[in-house]
Amino acid sequence: MTTTQTLDIDYTKYNFRDSDATYEYKFPKGLNRNVVEQISKIKNEPDWMRQFRLRSYEHFMKRPLPMWGGDLTTLNFDEMLYYASPTEKKSRSWDDVPSYIKETFDKLGIPEAERKFLGGVGAQYESEVVYHSLREDLAKKGIIFADTDTALREYPELFKKHFATVVPPEDNKFAALNSAVWSGGSFIYVPEGVTVDVPLQAYFRINTQNMGQFERTLIIADKNSRVHYIEGCTAPIYSTDSLHSAVVEIIAKPGAHVRYTTIQNWSSDVYNLVTKRAYAYGNATMEWVDGNLGSRLTMKYPSIYLLGPGAKGEILSVAFAGKGQHQDSGGKVIHLAPYTTSRITSKSISKDGGRTTYRGLLHVAKGAKGVKSTVRCDALLLDEYSRTDTYPYNEINEDDATTTHEATVGKIGEDQLFYLMSRGVSEQEALSMIVMGFMEPFTKELPMEYAIELNRLIQLEMAGSVG
Amino acid sequence: MILLLTTLEIKDLHVSIEGKQILKGVNLKVSQGEIHAVMGPNGSGKSTLANTLMGHPKYKVDGGDILVNGESIVGLTPDLRARKGLFLAFQYPLEISGVPLAQFLRTAYRSIKGDGQQKTEAKGVGGEMISALAFKKKFEEKLKEVDLDASFAKRYLNEGFSGGEKKRAEILQMAILQPSIAIMDETDSGLDIDAIRKVAEVVAHMAGPEIGVLLITHYQRILEYIKPQFVHIMAHGRIFQSGGPELAKMLEERGYEWIAGDCGDSSVRKTLTTHVMREAVES
């Protein structure tokens, strides 16, 4: 069955680069002690951070590559750039942003998004945040929303007290790498009892070929506060490998509610190796909403440590793997306190030989009584060349824990397509509809604009799958 | 002015599934404004006919032709057939998770009603809004007619619907998409008598010069509410008798055995007899 279908999508939106971006402090490729020293020096960092970076670098060098997950053998650390900065100074108002960067943001729809519902926008262009606005009423409430470099300078005590307490450099090889060369990212502090009623969001982009991006995000939600942070990524397409290795740390103090939403659409040559971890204290709620499209290999397992009684954790993720792509993702929940609850929902779609892997950990510690946990993974395979695997690890050390695990693997049936097409919908649209419907439990958790964007990306990914 | 009526013409249609011949030369002509009933026992090829007309890829046309307004549609995919005005109310509607009914129907509506609609909407946000509102109004109106409550707009396509709700949702789709020729595949099966009456009333209400109906059934009950002008009896992949409403009446009085007797084919006689017995047990 063959139909031709014109999708109403601006393809150029997802595949462009700026030709006239000029980079200051462009480093040579490769990583050594001197590069790490230089990064710290350019940023004029306090000595403790310099030493932290060096300690992390040493660990990175001696730590072997992980022996599990995706194929990392083609990743060449010597071919990467570890630091680049387009402008020296950060801008606060839209007028100060260089015009070529504005054009890039226009293509990504940032100003529109801002007009509609943004409180603050931190848009990361290369390694430095060039545009950062914070609505006044947020500042009045004592909320800090800054790029991480600025936060280190302006809030040194708050920063030092929490930084790397959730993800220490020794956690894994890529956390060590990030800790050594990190640049940019978002820093958020929400004071006790304060609710941030609009989502805070930052747009991240990789623009230089072979440039690694190592942003570092730290969110501290004080007691009984509430915040939703959104991070979206759209990378231009390049032919050689690129590395993205972020660390995200979240601290949800007692009674706090934090939601962290990500949609990432990396170009198909990017290695996306991310460590995301949250601490949730008593009665706090932590939610990861994590969408992964594109990339050559993504290894990302958002985790939640439930540290106090009554804490809740939720991980909702979606992965889409096309040709030559491997999405190795999932979630980890560590129940360390009684009466904690968690839910992991994972949806994955593989097509054109793409591969998705669900890798999850559910740990219930001795003494964590009355734990409840639900894990559900659904995989959709769009053809017989694609692949999906599920690796759920359960370590349950309390007898009264209530845990359920459900996993399904589905295919799109001929009858389903026939049914939708009999209503006038083209095969292409019908396929997209089924895939979007499959992802709906995820999409409905997104703000409207992101849901639309995600659906467009899916339609784009689905284009050409009819033949 | 000449009034152009859409005509569906089936000529000597031969169809097989996975190499097995099911339809062995079916001839039938349905025009807008007419109601035809195709009756016959299980296995006679009724559902094959319905699915073939709509273009299910599993059903292979080995011979003959299907024409809409004189043009063959045999090579067309189901979506293109829908755009030519055909509609199939499924015997077993499929469940599509995550696709809200109203949203789906709006997409379908726009696909079928074509460019004119899309151009209006492309004019800007205002045009889109009005159209969305108009659609919502139409949708809610039809929802009421088929006796489904407002929550169905946001429910996923057929997911978790009861048997009766699924059939009513099919009629709802038909009412909104306004086909020229509607094929209804055993819409009455699996429904109790009240549900049949409800569904039939809506169809009867829709019937008129605008729509041609090909009603496929093996019970006569639904014909009490939807009065066909033409009745065709099908068995063993062929239509072997066509007539007016009196044919259905005769079937009701005398059962399929009368036809089987007429037909003189003992295997048909056996099938039909079995069918009549089963129907007697069920009712």
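Reader: Leaving aside neighbours within four places in sequence, which residues is Asn394(A) in contact with?
Author: This is a predicted model, so everything here is read off computed coordinates. Asn394(A) belongs to strand β20 of chain A, residues 387–396. Once the neighbours within four places in sequence are set aside, its contacts are Leu362(A) and Thr403(A).

Reader: Is Asn394(A) buried, exposed or partly exposed?
Author: Count the other C-beta atoms within 10 Å of Asn394(A) and you get 14. A residue needs 20 or more to be buried and 12 or fewer to be exposed. With 14, Asn394(A) therefore comes out as partly exposed.

Reader: How far apart in space are Asn394(A) and Val248(A)?
Author: In sequence, 146 residues separate the two. Going C-alpha to C-alpha, the distance between Asn394(A) and Val248(A) is 24 Å.

Reader: Staying in chain A, which residue of β12(A) is the bridge partner of Trp266(A)?
Author: Trp266(A) pairs across from β10(A), residues 257–266, a strand with nine of its 10 residues buried. For Trp266(A), the partner in β12(A) is Gly294(A).

Reader: Where chain A touches chain B, which element gives the largest share of chain A's side?
Author: The contact draws 22 residues from chain A and 24 from chain B. On the chain A side, the elements giving two or more residues are α9 (414–421) and α10 (427–443). By class, that side has 11 nonpolar, six polar and five charged residues. The largest share, eight residues, comes from α10(A).

Reader: Over in chain B, which strands stand at the edges of the six-stranded open sheet?
Author: Read the order across the sheet: β6-β7-β8-β3-β9-β10 of chain B, with mixed pairing. An edge strand here has a single partner, so one of its sides is left without a neighbour in the sheet. That describes β6 (86–89) and β10 (238–243) of chain B.

Reader: And what is the average twist from one strand to the next in that sheet?
Author: Across the open sheet of six strands in chain B, the twist from one strand to the next averages 20 degrees.
Inside the sheet, β7(B), residues 181–185, and β8(B), residues 212–217, pair in the parallel sense over five bridges.

Reader: What angle does the direction of α1(B) make with that of β7(B)?
Author: α1(B), residues 46–54, is mostly covered, with eight of its nine residues buried. The helix packs on the sheet and touches β3, β6, β7, β8 and β9 of chain B. Just after α1(B), Gly55(B) takes a positive phi of about 95 degrees. The angle between α1(B) and β7(B) is about 145 degrees.

Reader: How does α3(B) pass α6(B), in a left-handed or right-handed crossing?
Author: The two helices, α3(B) at residues 101–113 and α6(B) at 163–177, pack at about 35 degrees with their axes 10 Å apart. Residues that meet include Leu105(B) and Tyr109(B) from α3(B), and Ala169(B) and Ile176(B) from α6(B). The contact divides into eight nonpolar, one polar and no charged residues. As for the hand of the crossing, it is right-handed.

Reader: Which strands does α6(B) lie across?
Author: α6(B) runs at about 165 degrees to β6(B). β6(B) is one of the edge strands of the sheet. The strands that α6(B) lies across are β6 and β7 of chain B.

Terms used. Residues numbered from 1 in each chain as written. Chains lettered and ligands numbered in written order. Predicted model: local features only at pLDDT ≥ 70, side-chain atom pairs only at ≥ 80, totals over all residues. Helix = DSSP H or I, 4+ residues; strand = E, 2+ residues; numbered from the N terminus. Contact = placed C-beta atoms within 7 Å. Nonpolar A, V, L, I, M, F, W, Y, C, P; charged D, E, K, R; others polar. Pairing = 2+ DSSP bridges. Axes fitted to C-alpha atoms, helices over the stretch in contact; angles between N-to-C directions. Left-handed = near helix turned anticlockwise from the far one by under 90°.
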